[in-house]
Amino acid sequence: MNNSNILKDGNSVEFKTGAWRARTPNHSKDKCKNCMMCVPFCPEACIKQKDNILVGIDLDYCKGCGVCAKVCPFNAIEMKDNNND
Amino acid sequence: MPYNLKEVVKKQNRLVSGHRMCAGCGAPVTINAVLRALKEEDNAVVAAATGCLEVSTCIYPYTSWKNVSFIHSAFECASATLSGVETAYNSLKKQGKLSKDKETKFIAFGGDGGTLDIGLQSLSGAMERRHNITYVCYDNGAYMNTGTQRSSSTPHFADTTTSPAGKVTQGKVQPRKDLTEIMVKHNLPYVAQTALFGNLKDIYEKAEKAIYTDGPTYISAFSPCPRGWGYPTEDLAVISKLAVETCFWPLYEIENGVYKVTYKPAKKLPVEEFLKTQKRFKHLFKEENKDLIDEIQKEVDKKWDYLLMMEEVTNKQKED
């Protein structure tokens, strides 16, 4: 990292927090009704939407808290333990 | 424009990924919910008191703050610092050194330690001086950053490392300080208490009102902490909902002295429905501690009745 980057706003995206995760969310596009409830509830702000279509969960940052799975009214997100890592 | 979740989530977040808050923390959700109420074209200066939020979003050489100017000085100084920034901004604008058509808003975030305890005098001072700022307290009811020490916002009988539940005491001996009411007594144009409730309409609308009301405004936001409260990380929305439905954390606002309870549960749940979800209240469910839950219920009922009474009285006064 060079010093000039310190002056860039929002540069913490260069720091990946995904390694903290002990459980991984699995988003089912079939069950998802794109209600957008999970998007503002994600503490990591890593659930990506484009024009109100849920694109996916950015696992570079997801800490596996499971808040999204719990707020989803359609059970479209399922948390799975990372046993195989 | 009426609140529309699908529209507001299209806005760019001003607190971005890569911060080091714990998994499931309520604070970043609260912060982004508040900042989403900013118009996209408006600038914002964000000041933070020392606390989880500040230490986890500004770890050198990174910052998680985007499209806002962020400033932090000492623990107790969020309001004083932001007062100074706002005054300098007004002066520069008056001198014609800043563009007249660009709007800048001033928002401070503090935890309950940095707000109700350590930052109280600077907050009170800034509010009394009528700075055009919005102060948001994300309230998780203890000093979580240093490992859950009691604050004056810690609820009655909650177990923390400095108010332990054991043989001698049953958690925090004293009831919670009610800063929202203290802020009302500063005669602010807008004061509100909110939580991450439902589709986040409540917090969005209150943040929008606070940020775009002229003069000093204050918001107290319920911000669950899985580590300090002892509950599974996924239960953020569940805990918030129970706090509201039991009236443990009533949602209300005060506009120029007029109270409005913004959510009235159809059926007020007993407070133990909220308490039983968290380890910090576990000791209250021992047979011999049943009267302590009754005491908490009495305090909750008293506050709720007070709010309903104030709503009636102040609205009547307004009509007269």
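In this predicted model, the axes of helix 4 (residues 78–94) of chain B and helix 6 (residues 120–128) of chain B come within 7 Å and cross at roughly 35°, where axes are lines fitted to C-alpha atoms, for helices over the stretch in contact, and angles run from 0 to 180 degrees between N-to-C directions. Helices (H or I, at least four residues) and strands (E, at least two) are DSSP runs numbered from the N terminus. Contacts, defined by backbone-placed C-beta atoms within 7 Å, link B:S79, B:A80, B:L82 and B:S83 of helix 4 of chain B with B:S122, B:L123, B:G125 and B:A126 of helix 6 of chain B.

Helix 12 (residues 290–319) of chain B has 30 residues and reaches 44 Å from its first C-alpha to its last, close to the 44 Å expected at 1.5 Å a residue, the expected span being 1.5 Å times one less than the number of residues. Its buried residues (20 or more other C-beta atoms within 10 Å of their own, with C-beta atoms placed from the backbone) are B:I296, B:V300 and B:L307, and these pack against strand 7 (252–255) and strand 8 (258–261) of chain B.

Chain A contains 2 helices and 4 strands, arranged along the sequence as β-α-β-β-α-β. Of its 85 residues, 38% count as buried, and 67% of the contacts between residues at least 6 apart in sequence join residues at least 24 apart.

Residues are numbered from 1 along each chain as its sequence is written, and chains are lettered from A and ligands numbered from 1 in the order in which they are written. Local features need pLDDT of at least 70 and side-chain atom pairs count only at pLDDT 80 or more, whereas totals for chains, interfaces and linings use all residues.

Terms used
Contact = placed C-beta atoms within 7 Å. Buried ≥ 20, exposed ≤ 12 C-beta atoms within 10 Å, placed from the backbone.
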